[in-house]
Amino acid sequence: MPEQDLSAGKRSPVQALVLFGPPGSGKGTQAKLLMQCLGIPQISTGDMLREHITAGNVLGQEVSGIMRSGALVADEKVNALVEERLAKPDCAKGFILDGYPRTQQQAEALGRWLVRRDIAELVIHLIVDYNSLITRLTGRRQCPHCGTLYNLFSKAPKQDEVCDLDGTKLIIREDDSAAVIKERLDAYDRQTQPLIAYFRNQGRRLLELDASSDPPPVLMKKICSAIQDNARER
Ligand code: ADP
């Protein structure tokens, strides 16, 4: 979709796209597809935190245990990380938030940041049933070399547990073990899901889409046309 389509509405175009949904709902996959299509960056708090862990710096050391357990990292840390990232020049035309906000405090911090800059926001809620989430999360594999994502149930590699592109043995993300998956889904139910009611009460723009069965490119097209329709209605 050409970028100008987003500004077809009467007021300012959507600049902040929030991909919202439980672990395994496909936020990361959709964020990557939308990034290519819209030409605005994906900001994944999970990826940023994992980068700090890989770098072995102070923040990385502080958050690695929490992330391994499936609990949420403290709001101040994540808010600071996002605020620093949003100040970078590549966010000037817009950005896709993937995995943020996840608590009311984060939603409030983001809300203040957007209001100060008069930036229009659109929350896209990806709805997936619990059983599909479990299947997706337990089947997830990644190539540690090139980063390609696979799923044993929906996008299996040609050869068992080996990357199609470079032959590297695939890995399971540390927090994709059964016990940690349960904790991540519980954290979502307790701390993140209630934000839907908060967004509604606040009159924030919210689109809800069934994300349980469409292949990723089909869902991406649906998201793009929902964004266009929403921009026209404004
Ligand atoms: P998923 O959505 O599948 O849980 P992420 O990569 O988004 O995967 O998140 C992995 C982990 O990173 C979370 O379980 C949590 O510990 C931490 N994390 C990511 N984003 C946030 C956030 N906005 N607030 C607090 N913790 C976060």
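**Terms and model**

I call a residue buried when its relative accessible area is under 20%, exposed when the area is over 50%, and partly exposed in between (1.4 Å probe, protein chains only). Helices (H or I, at least four residues) and strands (E, at least two) are DSSP runs, numbered from the N terminus. The model is predicted, so I note that local features need pLDDT of at least 70 and side-chain atom pairs count only at pLDDT 80 or more, while totals for chains, interfaces and linings use all residues. Residues are numbered from 1 along each chain as its sequence is written, and side-chain values use heavy atoms, with hydrogens and water left out.

**Entry 1: helix 6 and helix 7**

I looked up which residues of helix 6 are buried, and found S132, L133, L137 and G139. The cover over these buried residues includes strand 5 (140-142), strand 6 (149-151) and helix 7; contact here means heavy atoms within 4.5 Å.

I then looked at how helix 6 (residues 130-139) lies against helix 7. Two packed helices are described by the angle between their axes and the distance between the axes. The axes of helix 6 and helix 7 come within 11 Å and cross at roughly 135°. Axes are lines fitted to C-alpha atoms, for helices over the stretch in contact, and angles run from 0 to 180 degrees between N-to-C directions. Helix 6 and helix 7 are therefore oblique to each other. Angles under 35 degrees count as roughly parallel, over 145 as roughly antiparallel, 65 to 115 as roughly perpendicular and the rest as oblique.

Helix 6 passes helix 7 in a right-handed crossing. A crossing is right-handed if the near helix is turned clockwise from the far one by less than a right angle, and left-handed if anticlockwise. Helix 6 contributes Y130, L133, I134, L137 and T138 to the contact, and helix 7 contributes I181, R184 and L185. By class, I count six nonpolar residues, one polar and one charged. Ala, Val, Leu, Ile, Met, Phe, Trp, Tyr, Cys and Pro count as nonpolar, Asp, Glu, Lys and Arg as charged, and the others, Gly among them, as polar.

**Entry 2: R190 in helix 7**

I found R190 in helix 7 (residues 178-192). R190 is exposed, at 52% relative accessible area. The R190 side chain makes a polar contact with the side chain of E183 at 3.4 Å. A polar contact is a pair of N or O atoms within 3.5 Å; within protein, one must be able to donate a hydrogen and the other to accept it, and residues adjacent in sequence count only if both atoms are side-chain atoms.

**Entry 3: two further helix pairs**

Helix 2 (residues 45-55) and helix 3 (residues 58-69) have axes that come within 8 Å and cross at roughly 120°. That angle makes helix 2 oblique to helix 3. The crossing of helix 2 past helix 3 is left-handed. I listed G46, L49, R50, H52 and I53 on the side of helix 2, meeting L59, G60, V63, S64 and M67 of helix 3. These residues divide into five nonpolar, four polar and one charged.

Helix 1 (residues 27-38) packs against helix 9 (residues 216-233) at an angle of about 60°, with the axes 10 Å apart. This pair is therefore oblique, and helix 1 passes helix 9 in a right-handed crossing. The contact of helix 1 with helix 9 has nine nonpolar, two polar and no charged residues.

Q106 lies in helix 5 (residues 104-117) and is buried, with a relative accessible area of 2%. I found a polar contact between the side chains of Q106 and D75, at 3.0 Å. Leaving aside neighbours within four places in sequence, Q106 is in contact with V73, D75, V78, N79, Y100 and P101. Y100 and P101 are joined by a cis peptide bond, with omega about 0°. P101 has its place in the loop between strand 3 (95-98) and helix 5.

R85 is in helix 4 (residues 75-86) and counts as buried at 18% relative accessibility.

D118 has a positive phi of about 55° although it is not a glycine. I located D118 in the loop between helix 5 and strand 4 (120-127), where it counts as exposed at 63%. E161, also not a glycine, has a positive phi of about 60°. E161 is in the loop between strand 6 and helix 7 and counts as partly exposed at 22%.
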